[in-house]
Amino acid sequence: MSIEKVRAFFAGRGREKDILEFDVSSATVELAAQAVGCEAARIAKTLSFAVGEGCVLVVCAGDTKIDNTKFKAQFHTKAKMLPPDQVVAFTGHAVGGVCPFAIENPAVTTYLDVSLRRFATVYPAAGSSNSAIELTPEELEEYSNSAGWIDVCKERSPQ
């Protein structure tokens, strides 16, 4: 089970008790925000894209969308999300619980979008469709083994 791998990953860092598990689904940004009790923007969604023969994970704020022009400039290919079966094959996590933790596949590279930096803490999934963990952007960078911060999301429109 994917959440068990993530729990073991965080146990090695003394953070396993920080994983939040809910009695309700947190498989979408909206559901996760309700379960956590925060604004949707603070949900750190992990999107999976095919790039070359591998997979790129982009972790971004819940209120953003991928900007295709920026994505192509960054990765030199069109943004093509992976189908659910390939997401599991690459990451070991099912859609709804995809996160950048406990991924052992060297064909997966994780990037963090700058849209997350506006928050003191964010909530990425923790390997299941009813879990999350609260992390600072710096902790997310460390624990995700990120290849770096990138800017591939559309500008948010003013509220």
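Me: What volume does the second largest pocket have, and which residues that line this pocket are the closest to its centre?

Reply: In this predicted model, the second largest pocket has a volume of about 220 Å³. Its lining is made up of 15 residues, and the ones closest to the centre of the pocket are Pro100, Ile103, Glu104, Ser144 and Asn145.

Me: Which element gives the most to the lining of the second largest pocket?

Reply: By class, the lining of the second largest pocket divides into eight nonpolar, five polar and two charged residues. Two elements, α1 (2–11) and β4 (108–113), each supply at least two residues of this lining. With three residues, the element that gives the most is β4.

Me: How much space lies in the largest pocket, and which residues of its lining are the closest to its centre?

Reply: The space that lies in the largest pocket comes to about 370 Å³. This pocket is lined by 23 residues, and those closest to its centre are Ala27, Lys45, Thr46, Gly96 and Val98.

Me: Which strand supplies the largest share of the lining of the largest pocket?

Reply: The lining of the largest pocket holds 15 nonpolar, seven polar and one charged residues. At least two residues of this lining come from each of α2 (29–36), β2 (43–51), β5 (123–124) and β6 (131–133). The largest share, six residues, comes from β2.

Me: In the open sheet of five strands, which are the edge strands?

Reply: The five strands of the open sheet stand in the order β5-β2-β3-β4-β7, with mixed pairing. An edge strand here pairs on one side only, and the strands that do so are β5 and β7 (149–150).

Me: In β4, which residue is the bridge partner of valine 56?

Reply: Strand β3, residues 54–61, pairs with β4 in the parallel sense, and the pairing extends over five bridges. In β4, the bridge partner of valine 56 is threonine 109.

Me: At about what angle does α3 run to β2?

Reply: Helix α3 spans residues 68–75 and lies across several strands of the sheet, namely β2, β3, β4 and β7. Relative to β2, the helix α3 runs at about 60 degrees.

Me: To which backbone nitrogen does a side-chain oxygen of aspartate 67 reach, and which residue follows α3?

Reply: At the start of α3, a side-chain oxygen of aspartate 67 reaches to within 3.0 Å of a backbone nitrogen, that of threonine 69. At the other end, α3 is followed by a residue whose phi is positive, near 60 degrees, and this residue is histidine 76.

How values were computed: Residues are numbered from 1 along each chain as its sequence is written. This is a predicted model: local features need pLDDT of at least 70, side-chain atom pairs count only at pLDDT 80 or more; totals for chains, interfaces and linings use all residues. Side-chain values use heavy atoms; hydrogens and water are left out. A polar contact is a pair of N or O atoms within 3.5 Å; within protein, one must be able to donate a hydrogen and the other to accept it, and residues adjacent in sequence count only if both atoms are side-chain atoms. Helices (H or I, at least four residues) and strands (E, at least two) are DSSP runs, numbered from the N terminus. On a 1 Å grid over the protein atoms alone, a cavity is a set of points where a 1.4 Å probe fits but cannot get out, and a pocket is an open set with protein on both sides within 12 Å along at least five of seven lines; lining residues have an atom within 4 Å of a point. Grid points are joined across faces, edges and corners, and a volume is the space filled by probe spheres set on the points. Ala, Val, Leu, Ile, Met, Phe, Trp, Tyr, Cys and Pro count as nonpolar, Asp, Glu, Lys and Arg as charged, and the others, Gly among them, as polar. Two strands pair if DSSP finds at least two bridges between them. Contact means heavy atoms within 4.5 Å. Axes are lines fitted to C-alpha atoms, for helices over the stretch in contact, and angles run from 0 to 180 degrees between N-to-C directions.
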